[in-house]
Amino acid sequence: MKNKKVELKDYQPTPYQIEKVNLTFHLFDEHTLVENDMTISLREGVSTGQKLILNGEELVLKQVDYNGKELSKDQYQVSDEFFEFIPADEKFQLKIITEIYPQKNFALEGLYFSDGMFCTQNEAEGFRKITYYYDRPDVLSLFETTVIADKKYPHLLANGNCIERGDSKTDPKRHWVKFFDPFAKPCYLFALVAGDFDVLEDEYTTMSGKKVDLQIYVDKGDLPQTHHAMESLKRSMKWDEERFSLEYDLKTYMIVAVSSFNMGAMENKGLNIFNSLYVLGNEKTATDQALYNIESVIAHEYFHNYTGNRVTCRDWFQLTLKEGLTVYRDQEFSSDLHSRAVKRIDDVMRLRQFQFREDDSSFAHPIQPKSYEEINNFYTQTVYEKGAEVVRMYETLLGRENFTKGVQFYLQKHDGTGATVQDFLQAMEHVSGEDLSHFSLWYDVQGTPQVKITENYDQQKSQVIIVIEQFFKDSNNQNIMCIPLNCRWYNSKGEIDNIQAQLPEDAKSYFKVVDGQNILVLQDKLLKLEFNKVIEKPTFVWNRNFSAPIHLIEKKSSHDLQLIAQCESDFLTRWEIIQSLMKQVVCQYQDQSLQKEMIEQLATYLKKILTDSDIDDSLKAFMLRWPSEMEINSCFNIYPFDEVAHSLEFCKNLLAKTIQPYCQQLLKSTISKEENIWDPVHMGVRELKWQLLESLLRTQTSDYQSMVVNELAKAQNMTNEMGALKLILKFQLNDSEKHAQRFFDKWKNHSLVMDQYISLRVYAADKDQVFSVIESIEKQDYYDDKIPNKVRSLLGPLVMNQLQAFHSVDGRGYDLLKQRILKVDQYNPQLAARICKFFVDLRKLDSNRRERAKIVLESIAAHHLSKDTKEVIGKFLNYQ
């Protein structure tokens, strides 16, 4: 059976509104009974006699009552997907009782039982596996929830505020609790948890003086790892008040950590459910990056309280409305608390590495897709990360003050409703007074815009002519985008020049000054600018701070690059120069003499950065980091995996020897500053230390080999412990397996640390041994393929870091992935579909590899697949 396609153009509101829902859950060891008592009314303007069609899957229907009277089976229709009924009244009570089996639910959607607890995951369409309901985001209702369970589950939780609790009058072993959420919400935000937890409690006083109870629920014994998450939550609440004047609106804010979870976290109103990866951690058990991720994800889910919960999506085609905006908000939060430059570099690096590849693949789609077969497949880098870049462009075009007012106006106007991306755009137009109709194309057009800039200076005429052209790699895509380019120009002394004054009047309209920045608003396919009376050749910088998510094509002289590297205050631009040179030198794998010349040039830039005391350590660490193999392969139309891998190692070793004296000197000063503190300064110190040690190990100096082993022995935090073990295994230092075994023996009972260990073993394995390493790990007691974190830890490094192995010419990598996809798809379609996306680069494989991959994909497609996996595999095969 073909998957049914859902189209944006077909959107229609439901004929009925569910005003209020009273849910009662009777939790038992073998099953759960769900009583769903709904107050339903006909929407205004809708004629009577309309059929009520509610979603429902994998439910056992026990009873249906209409206005207090039980209906017979011939008065309604039930199929595998729907409950259908024609009400006689405009307003009525409908009570539906269903039976479900959480203990058998390994898909981790709806209500499921895992690790001794009941928990829910309803976004996007999981609620239909709990009861019959309008399972769509534009139906917002008031929820009252009663949970009844055995007292072996002492903690019974649901959305909103707890209003009542007590013991069962009929069974002394059972108890109950009742929650009421005063804010109407769609069913995807419904949450329920029942278990026996350790609880960290705290409180937060809002800007208006209201006290909010904060609670984090974790497995027994995990309480010492929750304090960082609690402090992150309080920082998030404070930031949202200061930045957007948004104050928390319930009496209690609860977080529950769950080890078996398909996503990172879920923003259910008042009861966030988190993958434990993003809650549990302290300096001893989590790296600096893991702690940073906890802080970021805690913030992201908290910020959803307004941008996602109070104002939600009208339909799932508007997903970027809540996710793109909230990603932007958590990026700004992290930028304000840490290094803004480092955060921006990291975001752009990830966008290029993952989202740009998605744009160039068979799964390319706009940030507002126009159709889908399975919405779970569209929780993508495009919707989230590119969506955040589109939100950021509003701020670039309108300025911070107007943008902030626009967000506040949008939230006020659409509070308690499901909104659209057009509503957000119109809020920005309302506040700024600007026409943004051209800008709206960013929601509709897929692909990464290419912007080619040509600069010509005529010394005799004292004239600069700049030609700017925009296009897409897909020649069928002739859309002309609105692209804000943050730009600057320098004179020969490295001073910022006011060359804009030399533009003729008609050309000045393309430029605007926003928050002190020069913004060229490109809205033409081809733009020619003439600058007159220019007495010397200027140096131009375009797309500063990555003001638009584009691929910029330009040629810079060595003089221009050196001047920018020395004078430009935007560190992202300086980082891009280094990254560009690194990619270029690796790509010249056919000419090692040219590579050596280019390494000298690269070393010149790096030496100045490494010896500049005004540049913080985290930025220096980023400047030393080479692009990944995948990023470099992406420079080619057909991926030369083997050539890039060998060339990258050659260039890394050559650069390490060239800058060795500077790295040695910097390492001494870096180590002298190190303290076991988690803050931006000391995180940067540790990050730089490990970048320097990796570089120095490439010089094959024994002193640094001993230093790394000693770092492992004396490590007081997971960053140093994991950093040392990574280098010991990667460079096969003496007794590497003994060190790995000691690490394993120390942490074998800590699940999240073992996830890191799994990834490290796959990452560090020789390409000829990586498959046997994976197969060996799968046989161990600490691995469980029903836990998504374990699967991602095992397969992620194979695809991201072991390209030669995954894309081996004999097809072993593709076959391995096929076996795992088919197995996981039987019980967790969401996870299986995400694993399928590891084939995203199919089009750029050579003919031999592409044919092998195609055979594997066809073999997968021949099986009975979930609709999640079927859609992804189908897109890849149709793109051949």
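Let us start with two helices, helix 27 (residues 847-861) and helix 28 (residues 867-878), whose axes come within 10 Å and cross at roughly 140°. Helices here are DSSP runs of H or I with at least four residues, strands are runs of E with at least two, and both are numbered from the N terminus. Axes are lines fitted to C-alpha atoms, for helices over the stretch in contact, and angles run from 0 to 180 degrees between N-to-C directions. Angles under 35 degrees count as roughly parallel, over 145 as roughly antiparallel, 65 to 115 as roughly perpendicular and the rest as oblique; helix 27 and helix 28 are therefore oblique to each other. Their crossing is left-handed; a crossing gets that name if the near helix is turned anticlockwise from the far one by less than a right angle, and is right-handed if clockwise.

A word on the source: this is a predicted model, in which local features need pLDDT of at least 70 and side-chain atom pairs count only at pLDDT 80 or more, while totals for chains, interfaces and linings use all residues. Residues are numbered from 1 along each chain as its sequence is written, and side-chain values use heavy atoms, with hydrogens and water left out.

Helix 2 (residues 288-303) and helix 3 (residues 319-337) pack at an angle of about 135°, with their axes 9 Å apart. These two are therefore oblique as well, and helix 2 passes helix 3 in a right-handed crossing. Residues in contact (heavy atoms within 4.5 Å) include Y292 and F303 of helix 2 and V327 and F333 of helix 3. By class, this contact has six nonpolar, four polar and four charged residues. Here Ala, Val, Leu, Ile, Met, Phe, Trp, Tyr, Cys and Pro count as nonpolar, Asp, Glu, Lys and Arg as charged, and the others, Gly among them, as polar.

Next, look inside. In soluble globular proteins, nonpolar side chains tend to be buried together. Buried means under 20% relative accessible area, exposed over 50%, and partly exposed in between (1.4 Å probe, protein chains only). A nonpolar core is a set of buried Ala, Val, Leu, Ile, Met, Phe, Trp, Tyr and Cys residues joined through side-chain atoms within 4.5 Å. The largest one has 224 residues, and F439 is among those that touch the most other members. Leaving out residues up to four places away in sequence, F439 touches V390, M393, Y394, L397, L425 and C482. A second, separate core of 60 residues includes L351, F356, Y490 and I564.

Finally, visit some backbone details. Most residues other than glycine have a negative phi, and most peptide bonds are trans. N67, which is not a glycine, has a positive phi of about 50°. N67 sits in the loop between strand 5 (60-66) and strand 6 (69-70) and is partly exposed, with a relative accessible area of 41%. F546 also has a positive phi of about 50°, but F546 is buried at 1% relative accessibility, in the loop between strand 31 (539-541) and strand 32 (551-553). A cis peptide bond, with omega about 5°, joins E123 and A124. A124 lies in the loop between strand 11 (117-121) and strand 12 (141-150).
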